[in-house]
Amino acid sequence: FDDRDGFIWFDGKLVPWREANVHVLTHALHYASSVFEGQRAYGGKIFKLTEHSTRLRRSAELIGFELPWSVAEIDAACEEVLAASGLKDAYMRPLAWRGSESMGVNPHGTKPHLAIACWHWGKYFPPEKAARGIRLDIAPWRRPAPYTAPTQSKASGLYMIASMSKAHADNRGFDDALMFDWRGQVAEATGANAFFIRDNVIHTPTPDCFLDGITRRTVIELAKKRGIEVQERAIWPEELESFQSFFLTGSAAEVTFVQSAGPWSFEVGALQQQLAKDYDDLVNGRQA
Ligand code: PMP
């Protein structure tokens, strides 16, 4: 991914894509002292940009460092790199990390850095698969307890288990994996939140050990606007067979239907199709 034309915003300026490098003795590379964001631009407008920039700063604070850029400055930097890319529809990846100024486990003395890249990234899951619902494996790893890791931070360290679970699912011929949490409750997929539908009521796990996604909150609002009841609560695997539909939400994944998760299967129902359309209308500015 490093050998491309284009520009990456790096600590305050746009640098050529191939020159946006860090040293091998970067603290973040050794100790996962990094956090990131993922957001999409639609028709040249970055959806919920300020929410993403705010979460980036908050994620860094939760793992112990403060970014010297304000939310407004991060917003402006995202706009700048999007404009430089010439893209209207794009995926954007801000990344903040502790640098190579010091090598001890103690991060003292390291400097915070920020880079923002943007590129064309179509659908997260192949559209032909997503139309009838993707197939989820059950992850071999569980989301850790909030007393084990700062689970509300979009911290790179938390993506070790997500990436391993995704690779495990892929090796076994699945599209993604459903992760349970340390208690055994249903948590989320490797990069998206989970929603279930039964008799036109939406059920979604309480985000107490994983991200309360920006897309998650958006979809809850869209559902409520339609008068649909949304229950946020603990969901145990035993309940999965009683749900008719299952979908995922995420900035990259948008609204993605799920056909099966481990032994449980689901249908693509009218309500989730409606919500997917509402989301698509909203991000593309077709709705107030
Ligand atoms: N959970 C995980 C593990 C994720 O990586 C993401 C994507 N950021 C989400 C949930 C959904 O978050 P959002 O809707 O804010 O993109």
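How do the residues of the shell around the ligand divide into nonpolar, polar and charged? I would like to start there this morning, keeping in mind throughout that what we have on the screen is a predicted model.

The division is 5 nonpolar, 8 polar and 2 charged residues. The ligand is surrounded by 15 residues, and the closest are Gly191, Gly213, Ile214, Thr215 and Ser251. If we ask about secondary structure instead, the elements that give two or more residues to this shell are helix 6, residues 214-225, and strand 14, residues 245-250. Helix 6 gives the most, with 3 residues.

Let me stay with helix 6 and turn to its packing. The axes of helix 6 and helix 7, the latter covering residues 270-283, come within 10 Å of one another and cross at roughly 115 degrees. That angle makes helix 6 roughly perpendicular to helix 7, and the crossing of the two is right-handed. On the helix 6 side the contact is made by Thr218, Val219, Leu222 and Ala223, while helix 7 brings Leu275, Asp278, Tyr279 and Leu282. Sorted by class, this contact of helix 6 with helix 7 has 6 nonpolar, 1 polar and 1 charged residues.

Now to the arrangement of the chain as a whole. The protein chain is divided into domain 1, residues 7-119, and domain 2, residues 127-283, and the centres of these domains, taken over C-alpha atoms, are separated by 26 Å. Where they touch, 18 residues of domain 1 are in contact with 11 residues of domain 2. On the domain 1 side, strand 3 (34-36), strand 4 (39-42) and helix 2 each supply at least two residues, with the largest share, 5 residues, coming from helix 2. That side of domain 1 divides into 8 nonpolar, 5 polar and 5 charged residues.

Helix 2 also has a helical partner, and I will finish with that pair. The axes of helix 2, residues 49-62, and helix 3, residues 71-85, come within 9 Å and cross at roughly 120 degrees, which makes helix 2 oblique to helix 3. The crossing of helix 2 past helix 3 is right-handed. Leu49, Thr50, Ser53, Thr54, Leu56 and Arg57 make the contact from helix 2, and Val71, Ile74, Asp75 and Cys78 make it from helix 3. By class, the residues of the contact of helix 2 with helix 3 are 5 nonpolar, 3 polar and 2 charged.

Technical notes
Residues numbered from 1 in each chain as written. Predicted model: local features only at pLDDT ≥ 70, side-chain atom pairs only at ≥ 80, totals over all residues. Axes fitted to C-alpha atoms, helices over the stretch in contact; angles between N-to-C directions. Helix = DSSP H or I, 4+ residues; strand = E, 2+ residues; numbered from the N terminus. Parallel < 35°, antiparallel > 145°, perpendicular 65-115°, else oblique. Left-handed = near helix turned anticlockwise from the far one by under 90°. Contact = placed C-beta atoms within 7 Å. Nonpolar A, V, L, I, M, F, W, Y, C, P; charged D, E, K, R; others polar. Near = placed C-beta within 6 Å. Domains from an automatic or database assignment.
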